[in-house]
Structures are given as structure tokens and as C-alpha cells.
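User: I have this model open and would like to talk through some of its details with you. Could we start with the side-chain contacts and move on from there?

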Amino acid sequence: MQPYLSMAGNNAWANATLYTALSDLDAAAFAAPRPGFFGSLKATLNHIYEVDLYYLDALAEGGLGRSVYDREEVDTVAPLAARQAEQDQRLIEFCRTLTADDLTRRVTTERKDGPVSERIDHLLVHLFQHQVHHRGQAHTMIAEAGIAPPQLDDFFLDYGRVPSADTFPR
């Protein structure tokens, strides 16, 4: 389904752009306290990554559920960027194979108080919104770290579209 594939492409491009901006941060600067909900770039970007693990597992009906949260945080930028890129590619491939019938199909998410059945289209929209929300927080933290925040919204329109966006599905 094209709109979902486009959003997955935008998501992957925005994450790659964000991580490129952070590529020179050392572990201490990555973990340094910063204003925001999670308090550091490390915590914020690890949160994005692990929530992607959670929802992609639910969408693929992988059965891991909440156990995806039982992991050590990634301490440095490059390894977390690589792991995020793998999940972004998983999301692109999932969206590439979506059919109209898949959108209303329900999958199970494991919640603290038990399993919840959710529609695939609703989970995808939530996942994209979750990414945008927390990347916005990371964007502010980047500025606070003295790094010029990258433009993250020049993906869909032809005007202002950056060449790096052309490597992802639109």
C-alpha cells in the first residue's frame, strides 16, 4: 500500500539523517543529560528503537511481545544507528507487501494488563507518529548539544527535496 510504504521510506530517511548528524558524538555526549522526556539522546533514540522492535514484532506476529524491552541500551551512536536502520528496512519491507485486506486485519499486542487486538493500519499510523514525536524531541536535544539540527521534513515534496531522500521509497 503506497501511502504506508512512503511513510516507511520517510521514516528510514529521517532516522538516517538524524543519525548522520550525531555521528561525531562520543558516548559521553550521547548519554549527557539533555532537556526532554527521556533526558538524553541515548535514552530517546534507544526508546525509538525498542518501540520499533515491539511493534514490528507484533505486525509480523513474531510472538516476542514485551520481551523485546529486556535488553541493554546501546551506548554509542554508530551501533544504534545500524540497528535502527535494520528495523527501518524491516518496516519498509513489511509495508511493501501490504495489501488492502491486510490493513484491517488484526494482530495482537502484548500489554502490561494482557493482550490487545489492534488493526494493522492503526498500528502503522501509531508507529509513524511515535517516530515523528520522539525524533522531534531528539531534534531539540541535538541543538542543545551544539549540533545544527538537520532538516527532517524535506522528503515528500519536490520543492526542497534533498538528494539523500531519493534512496528511500516515496
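User: What does the side chain of Asn46 reach at 2.8 Å?
Analyst: In this predicted model, the side chain of Asn46 reaches the backbone oxygen of Lys42 at 2.8 Å. There is also a polar contact of 3.1 Å that joins the side chains of Asn46 and Arg71.

User: And is Asn46 buried or exposed?
Analyst: Asn46 is buried, because its relative accessible area is 1%, and the cut-off for that label is under 20%. The residue lies in helix α3, and, leaving aside residues up to four places away in sequence, Asn46 touches Arg71, Glu73, Val74 and Leu80.

User: Where does Ser40 lie, then?
Analyst: Ser40 lies in the loop between α2, residues 27–31, and α3. With a relative accessibility of 7%, Ser40 counts as buried, and the residues that Ser40 touches, not counting those up to four places away in sequence, are Phe30, Ala31, Ala32, Arg34 and Met141.

User: Switching to the core: which residues touch the most other members of the largest nonpolar core?
Analyst: That core has 44 residues, and those touching the most other members are Leu41, Leu45, Leu91, Cys95, Leu98 and Leu124. Two or more residues come from each of α1 (2–22), α3, α4 and α6 (120–144), and α3 gives the most, with ten residues. As background, nonpolar side chains in soluble globular proteins tend to be buried together.

User: What does Leu91 touch?
Analyst: Not counting residues up to four places away in sequence, Leu91 touches Ala8, Asn11, Leu56, Leu124, Leu127 and Phe128.

User: How many residues of α1 are buried?
Analyst: In α1, 15 of the 21 residues are buried, so the helix is mostly covered. Its length also agrees with expectation, because 21 residues at 1.5 Å a residue should span 30 Å and the end C-alpha atoms of α1 are 30 Å apart.

User: And how far apart are the end C-alpha atoms of α6?
Analyst: They are 36 Å apart, which agrees with the 36 Å that the 25 residues of α6 should span at 1.5 Å a residue. Just after α6, Gly146 takes a positive phi of about 85°.

User: Which residue other than glycine has a positive phi near 55°?
Analyst: That is Glu61, whose phi is near 55°. Most residues other than glycine have a negative phi. Glu61 is found in the loop between α3 (41–59) and α4 (77–96), and at 52% relative accessibility Glu61 counts as exposed, since the cut-off for that label is over 50%.

User: What about Glu93, where is that found?
Analyst: Glu93 is found in helix α4 and is partly exposed, with a relative accessible area of 34%. The C-alpha atoms of Glu93 and Thr167 are separated by 14 Å, although these two residues are 74 residues apart along the chain.

User: Last topic, aromatics: how many aromatic pairs does the structure hold?
Analyst: The structure holds five aromatic pairs, and one aromatic cluster is formed by Trp13, Phe155 and Phe156.

User: What sits over the ring of Phe155?
Analyst: The charged end of Arg161 sits over that ring, 5.0 Å from the centre of the ring of Phe155, which is also one of the residues in the cluster with Trp13 and Phe156.

How values were computed: Residues numbered from 1 in each chain as written. Predicted model: local features only at pLDDT ≥ 70, side-chain atom pairs only at ≥ 80, totals over all residues. Heavy atoms only, no water. Phe/Tyr/Trp six-rings, centres within 6.5 Å; stacked < 30°, edge-to-face > 60°. Lys NZ or Arg CZ within 6 Å of the ring centre and 35° of its normal. Helix = DSSP H or I, 4+ residues; strand = E, 2+ residues; numbered from the N terminus. Buried < 20%, exposed > 50% of the residue type's maximum accessible area, 1.4 Å probe, protein only. Core = buried A, V, L, I, M, F, W, Y, C linked by side-chain atoms within 4.5 Å. Contact = heavy atoms within 4.5 Å. Expected span 1.5 Å × (residues − 1). Polar contact = N/O pair within 3.5 Å; in protein donor to acceptor, adjacent residues only side chain to side chain.
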